[in-house]
Amino acid sequence: LRPRRALIVNPTYGDYRLACQWAGVAARSFALDPEEGFRLDFSRLAEELAGGELVFVCNPNNPTGRLTPSADLHRLIGAHPDSLFLVDESYLPFTPEVSLLALPPLPNLLVLSSFSKIFGIPGLRLGLLTAGREHMAHFAARCKPWGVNRLAQIAGEFLVENGEPYRQQVLAFVADERPAVTAALAKLPGVRVFPGEANFILSRLEGHTVSELHRQLLERYRIMIRNCGSFETLDGSYFRISLKSGAANRLFLEATQAILAENA
């Protein structure tokens, strides 16, 4: 793509910056405000766009889980034709939101999709990029001869044909389980929960770091939470959990409550 620079909406997946480093593209961070629930501020983002940049947006975002309506993103991208936007929709299948791919095509839009998250097959490394013909011609000329292994191809063909009923089950589970876990987590002392829509929940320990909670949950209960201090613009007070079964979620909540009460 050879952009003049990259703009990464943070906090987010760290490999966007790594890809920029490998490509020799200077990248700046556009930091979302935790006091606004990590909402994407379109007007503030528009002020950063000078043309010629590649903007990385993860929707719903990782690790915040915050979802931006696709129609709103589509309007933003259409209003800035001199900037390229790469929108990562890897976690979008966990939500009922329509994909940008279902909206009128835009020449400056590239969309990343993944089978890894919704179907739990990260080891097969199966995903795809959708863009306009001109961009895809450039990518095709630089594509590895074997971009998809045979096992991933077989799995992908099966899931394209048979995966939607399972996705609907996951949607129903997330819609039922996430509000319950979020409400219970927010009642724990010193825990602030951020709004989101994905199958994971971002929280913050007010006035504390997560390292001790992480250690005790792992050693005493064999529960591992994600310390989000490695995400750009976040610190060691943030952590992320993924929704599991109802029983596993209750165990996590009870264990966390016990540890926080002991350390109060």
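Biologist: Where is P60 found?

Modeller: P60 is found in the loop between β3 and α3 (70-78); helices (H or I, at least four residues) and strands (E, at least two) are DSSP runs, numbered from the N terminus. This is a predicted model, where local features need pLDDT of at least 70, side-chain atom pairs count only at pLDDT 80 or more, and totals for chains, interfaces and linings use all residues. Residues are numbered from 1 along each chain as its sequence is written, and side-chain values use heavy atoms, with hydrogens and water left out.

Biologist: Thanks! Which kind of peptide bond joins N59 and P60, and what is omega there?

Modeller: The bond between N59 and P60 is a cis peptide bond, with omega about -5°. A cis peptide bond also joins N62 and P63, where omega is about 25°. P63 lies in the loop between β3 and α3 too.

Biologist: What about phi: which value does F38 have?

Modeller: F38 has a phi of about 60°, which is positive although F38 is not a glycine. F38 has its place in the loop between β2 and α2 (42-47).

Biologist: Why does F38 count as buried?

Modeller: The cut-offs are simple: buried means under 20% relative accessible area, exposed over 50%, and partly exposed in between (1.4 Å probe, protein chains only). F38 has 3% relative accessibility, so F38 counts as buried.

Biologist: And what makes R222 exposed?

Modeller: R222 has a relative accessible area of 76%, and therefore R222 is exposed. R222 also has a positive phi, near 55°, in a residue other than glycine, and lies in the loop between α7 (211-221) and β9.

Biologist: Why is Q168 called partly exposed?

Modeller: The relative accessibility of Q168 is 40%, so Q168 counts as partly exposed. Q168 is found in helix α6.

Biologist: Now the strands. How do you know that β1 is mostly covered?

Modeller: In strand β1 (residues 5-10), six of its six residues are buried. R5, L7 and V9 point one way from β1, while A6, I8 and N10 point the other way, and all are buried.

Biologist: What makes β1 and β2 a parallel pair?

Modeller: Two strands pair if DSSP finds at least two bridges between them. Strand β1 and strand β2 (residues 27-31) have five bridges, in the parallel sense. Along that pair, L7 stands opposite R28 in β2 and V9 stands opposite F30 in β2. Strand β1 also pairs with strand β3 (residues 53-58) in the parallel sense, over four bridges, with L7 opposite V55 in β3.

Biologist: What is the order of the six strands in the open sheet?

Modeller: The order is β2-β1-β3-β4-β5-β6, with mixed pairing. Strands β2 and β6 (127-130) are the edge strands, as each pairs on one side only. On average, neighbouring strands of this sheet are turned by 20° against each other, direction ignored.

Biologist: Why is α6 called roughly parallel to α8?

Modeller: Axes are lines fitted to C-alpha atoms, for helices over the stretch in contact, with angles from 0 to 180 degrees between N-to-C directions. Angles under 35 degrees count as roughly parallel, over 145 as roughly antiparallel, 65 to 115 as roughly perpendicular and the rest as oblique. The axes of helix α6 (residues 164-186) and helix α8 (residues 246-262) cross at roughly 10° and come within 11 Å. That is why α6 is roughly parallel to α8.

Biologist: Which residues of α6 and α8 meet?

Modeller: F173, E177, V181, A184 and L185 in α6 meet G246, N249, F252 and L253 in α8.

Key: Contact = heavy atoms within 4.5 Å.
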